[in-house]
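I keep these notes for a reader who is new to the structure. The entries follow the order in which I looked things up.

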Amino acid sequence: MASTKKELIVNGIKIPVIFEEQKSLPILNVQFIFKNSGFIKDGNNHGLAYLSSKILNEGSSDLKATKFAEKLDENAITLYSSMGFETLILELSSLNEKRDIAINMFQKLIKSPNFSEDALKKVKTLAIGNLKRKESDFDDMASKGLNALLYENTPLANPASGTVESISNIKLKDIENFIKDAFTLNNLTIVAGGDISFDELKSILNTILSSLNIGKVEEEKRIDFTSKKDLKIIKKDTEQAYIYFGSSFNAQTKNEDNYKAKVASFILGGSGFGSRLMEEIRVKRGLAYSAYASIGINKSYSSFTGYLQTKNESSDEAKELVISLVEEFVKNGVTQEELDAAKNFLSGSEPLRTETLAQRLNRAFILDFKGLDQDYPKDELEKIQNLKLEDLNNYIKTHTELNNLTFFIVRN
């Protein structure tokens, strides 16, 4: 079983389709993934993409929220919207016997969402309520604080869910324009699978796609930033110190050495127990219940980020320990024992990453989104197994930008 990349041609536009036929379950799953449509496009309307995705969960213009939801429930159909930094997603899932109803509901939502003042008022109320609840969520505060500091003057610095003020100021017309710009053929990748042939799927999709505008082809935008050694502390009435940290990481998705970054990330902070950070901070010193950090190499940006919680009185010690551990890691690299353990885990866990149809489709889309071949994971794993200690450590030593750690701490 494997997902494959195919395409549809609609109004002269080639639409990428990630597809897998799986007859073992009588289901259909379809995702419309609109690129260049996440909160990277919010501009000064922070939370616009978030609010737009929420209003898409309020049904169609004819059925409204309640009747639309009832229709979905009585037919065991799942249809919802979500968003990321670069994407706006509509996902449909149903039993094969309810396929026609499901597709009809999907088409209603795409052609005519519930753009009403009542729907806007509801999603605004929920969004603002959620933001106010998070005012006492110190993890959320530290995470957003780090983003604002680390990614200063880029879209990554902005809160994905907006602020109380920005959400209050968003108008219905803003959302209509946002979704109109997003729902275009040139913006679209389709991810689909289940007990259906590709010819059957094409017939279904052509009906839906004919209602979408062509739209413009947008250039890919790269967010380059350089981290600096920085620290910001916010004092709150809390029993714990929430320490978030990060740095820039000089890599792009198509770099041949990215498999080395995956191994380095695993050893430094991504593997939980056994990682450098966890062993030194929790196991040896008991400063934190958990400590994680990882390197993320994304299509539009790359960075190294991590977090931990500790006692208020231990926050300075924990921060300095993170700094010294990263400096030691960059200077001297890893041991053969650490490399062997990483190889064994990454190789042994690989089958677990593609057990389900959803996992395989999601991986196939991410590979396509990053511009990588579908056989990239297999090639990557082979490279990891053949990786020599000297080569890995030489690679780690070139990434001195890891030492430019920015910290955001919430503590008493």
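In which hand, left or right, does α10 pass α11? I found a right-handed crossing of α10 with α11; a crossing is left-handed if the near helix is turned anticlockwise from the far one by less than a right angle, and right-handed if clockwise.

I note the basis of these entries: the model is predicted, local features need pLDDT of at least 70, side-chain atom pairs count only at pLDDT 80 or more, and totals for chains, interfaces and linings use all residues. Residues are numbered from 1 along each chain as its sequence is written, and side-chain values use heavy atoms, with hydrogens and water left out.

Entry on the helix pair. I looked up helix α10 (residues 276-283) and helix α11 (residues 315-332), whose axes come within 11 Å and cross at roughly 145 degrees. Helices (H or I, at least four residues) and strands (E, at least two) are DSSP runs, numbered from the N terminus. Axes are lines fitted to C-alpha atoms, for helices over the stretch in contact, and angles run from 0 to 180 degrees between N-to-C directions. On the α10 side I listed Arg276, Leu277, Glu280 and Ile281, which meet Leu321, Val322, Leu325, Glu328 and Phe329 in α11; contact means heavy atoms within 4.5 Å. By class, this contact has six nonpolar, no polar and three charged residues. Ala, Val, Leu, Ile, Met, Phe, Trp, Tyr, Cys and Pro count as nonpolar, Asp, Glu, Lys and Arg as charged, and the others, Gly among them, as polar.

Entry on the sheet. I traced an open sheet of five strands in the order β7-β11-β8-β10-β9, with mixed pairing; two strands pair if DSSP finds at least two bridges between them. At the edges I found β7 (230-235) and β9, each pairing on one side only. The twist averages 15 degrees from one strand to the next.

Entry on the strand pairs. Strand β8 (residues 240-248) and strand β10 (residues 302-311) are antiparallel over nine bridges. Within this pair I noted Ala241 with its bridge partner Thr310, and Ile243 opposite Leu308. Helix α9 (residues 258-270) packs on the sheet and touches β9 and β10; the direction of α9 makes about 165 degrees with that of β9.

How many bridges join strand β9 to β10? I counted seven between β9 (residues 291-297) and β10, which run antiparallel. Ala293 stands opposite Gly306 in β10, and a hairpin of four residues joins the two strands β9 and β10.
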